[in-house]
Amino acid sequence: MNGNILEYITEQYHSLTRSGKKLADYIFTNTSAVQYLSISTLAENSGVSEASITRFCRSLSLSGYNDLKLALAKADYVTDLGDPDDSPETITSEDTMSSVFRKLHASNILSLNETLELLNEKDVEKAVDLLSAADRTFCFGQGGSMVMAMEAWARFSTASSRFIHIADSHMQSMNIALASPKDVILFFSYSGSTKDMEDIMNIAKDRNVPIILVTHFPKSRAAEFADVILLCGYNESPLQSGSIAAKAGQLFLIECLFYGFCKRNPELYAAARSATAKAITQKLL
């Protein structure tokens with residue numbers, strides 16, 4: 001499918017099924033909002049099934065729902081730098097560097113504030129319980145979320161050697177195939193809807209390995225597998241994939257988990273952090 005997706009949907013409107021027309025009407029009315037919704041949320045909001053959304057996408061020659069979101073983002077108003085033009089934090093080539101600094105600062109503060117509002121103390125405590133009791137914690141993610149998984153591993157490695165990071169999805173699957181219920185997966189997925197993620201989580205459920213999920217979407221596919229869901233703030237457009245603002249909320253969650261973890265055994269983890277800090281000082285000039 002080439003050209004503007006909204007124009008194409010309009011051209012195909014009369015050939016759509018009843019549910020397809022219902023979905024199209026919702027998309028026309030909420031074009032910008034749909035870009036930020038999970039497929040489950042869109043199904044609930046529009047009153048059609050997830051299967052109907054998938055069929056709708058295929059009828060438009062799209063590979064799936066994420067392809068539809070990207071097409072909508074491209075069809076909607078965007079700046080000359082490719083960002084969505086629906087936010088006061090949107091940056092254009094006309095902005096001065098001073099303005100860029102202020103807008104980026106505002107977007108990161110917004111992410112932190114929204115994440116703080118979404119924090120559920122009981123969920124964090126449950127996640128810390130799992131991390132504290134685990135023989136091993138596997139820090140996983142794919143793409144940009146893999147970087148966040150590495151951040152978590154690096155942070156917790158200052159206090160414990162029981163945290164493991166594996167970047168390759170094949171090796172992730174192999175390790176979870178040999179994991180036990182005494183292990184834990186700390187999984188980062190902003191969208192909560194990637195194929196590699198689902199493959200790994202299916203293996204984890206077969207092995208009864210608990211899953212802590214850090215995501216933006218509480219009704220995503222990944223959320224169906226998770227034992228604990230921790231929500232990060234900031235609405236990221238498909239055209240903003242990998243934005244620092246979206247990562248800021250996840251980094252905040254990592255810090256919350258880290259200090260909650262260390263609080264369980266202060267003397268032990270204080271000694272461990274002192275030992276790792278001393279080891280690193282030998283690397284400095």
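Aromatic rings of Phe, Tyr and Trp (its six-membered ring) count as a pair if their centres lie within 6.5 Å. Planes over 60 degrees apart make the pair edge-to-face. A search of the whole structure on this basis finds nine aromatic pairs. The structure is a predicted model.

## Overall make-up

The chain has 285 residues, of which 44% count as buried. Its secondary structure comes to 13 helices and five strands. Along the principal axes, the C-alpha atoms fill a box of roughly 70 × 50 × 30 Å.

A pair of aromatic rings is described by the distance of the centres and the angle of the planes.

| Pair | Centre to centre | Angle between planes | Class |
|---|---|---|---|
| Phe-156 and Phe-258 | 5.5 Å | 70 degrees | edge-to-face |
| Phe-156 and Phe-261 | 5.5 Å | 80 degrees | edge-to-face |

Which helices does the pair of Phe-156 and Phe-258 link? Phe-156 belongs to helix α9 (residues 144-156), and Phe-258 to helix α12 (residues 244-263).

Phe-156 and Phe-258 are both buried. Phe-156 counts as buried because its relative accessibility is 0%, where the cut-off is under 20%. Phe-261 is buried too, with a relative accessible area of 0%.

Arg-155 lies over the face of Phe-258, at 4.1 Å from the ring centre.

Strand β1 covers residues 137-141. Five of its five residues are buried, so the strand is largely enclosed by the rest of the structure. Which residues sit on each face of β1? Thr-137, Cys-139 and Gly-141 are on one side, while Phe-138 and Phe-140 are on the other. Both faces are covered, and these residues are all buried.

The partner is strand β2 (residues 163-165), which runs parallel to β1 and is joined to it by three bridges. Within this pairing, Cys-139 stands opposite His-165 of β2.

Strand β4 is mostly covered, with five of its five residues buried. One side carries Ile-211, Leu-213 and Thr-215, and the other Ile-212 and Val-214. These residues are all buried, and both faces of β4 are covered.

How many bridges join β3 and β4? They pair over four bridges, in the parallel sense. Leu-186 stands opposite Ile-212 in β4.

## The largest pocket

Rolling a probe the size of a water molecule over the atoms shows where empty space is left. The largest pocket has a volume of about 530 Å³. Its lining is made of 26 residues. Tyr-190, Ser-191, Glu-236, Ser-241 and Gly-242 lie nearest the pocket centre.

Which elements each supply at least two residues of the lining? They are α6 (65-75), α9, β3 (184-188) and α12. The lining residues divide into nine nonpolar, 14 polar and three charged.

## Loops with positive phi

Two loop residues have backbone angles to note. Ser-61 has a phi near 65 degrees, a positive value in a residue other than glycine. Ser-61 lies in the loop between α5 (50-59) and α6. With a relative accessible area of 51%, Ser-61 is exposed, because exposed means over 50%.

Asn-208 is also a residue other than glycine with a positive phi, near 60 degrees. The place of Asn-208 is in the loop between α11 and β4 (211-215). Is Asn-208 buried or exposed? Asn-208 is exposed, with a relative accessible area of 55%.

## Asp-199 in helix α11

Asp-199 is found in helix α11, which covers residues 195-206. With a relative accessible area of 31%, Asp-199 is partly exposed. Asp-199 and Asp-227 are 28 residues apart in sequence. In space, C-alpha to C-alpha, the two are 16 Å apart.

Definitions and conventions
Residues numbered from 1 in each chain as written. Predicted model: local features only at pLDDT ≥ 70, side-chain atom pairs only at ≥ 80, totals over all residues. Heavy atoms only, no water. Phe/Tyr/Trp six-rings, centres within 6.5 Å; stacked < 30°, edge-to-face > 60°. Buried < 20%, exposed > 50% of the residue type's maximum accessible area, 1.4 Å probe, protein only. Lys NZ or Arg CZ within 6 Å of the ring centre and 35° of its normal. 1 Å grid on protein atoms, 1.4 Å probe; cavity = no way out; pocket = protein on both sides within 12 Å on 5 of 7 lines; lining within 4 Å. Points joined across faces, edges and corners; volume = space filled by probe spheres on them. Nonpolar A, V, L, I, M, F, W, Y, C, P; charged D, E, K, R; others polar. Pairing = 2+ DSSP bridges.
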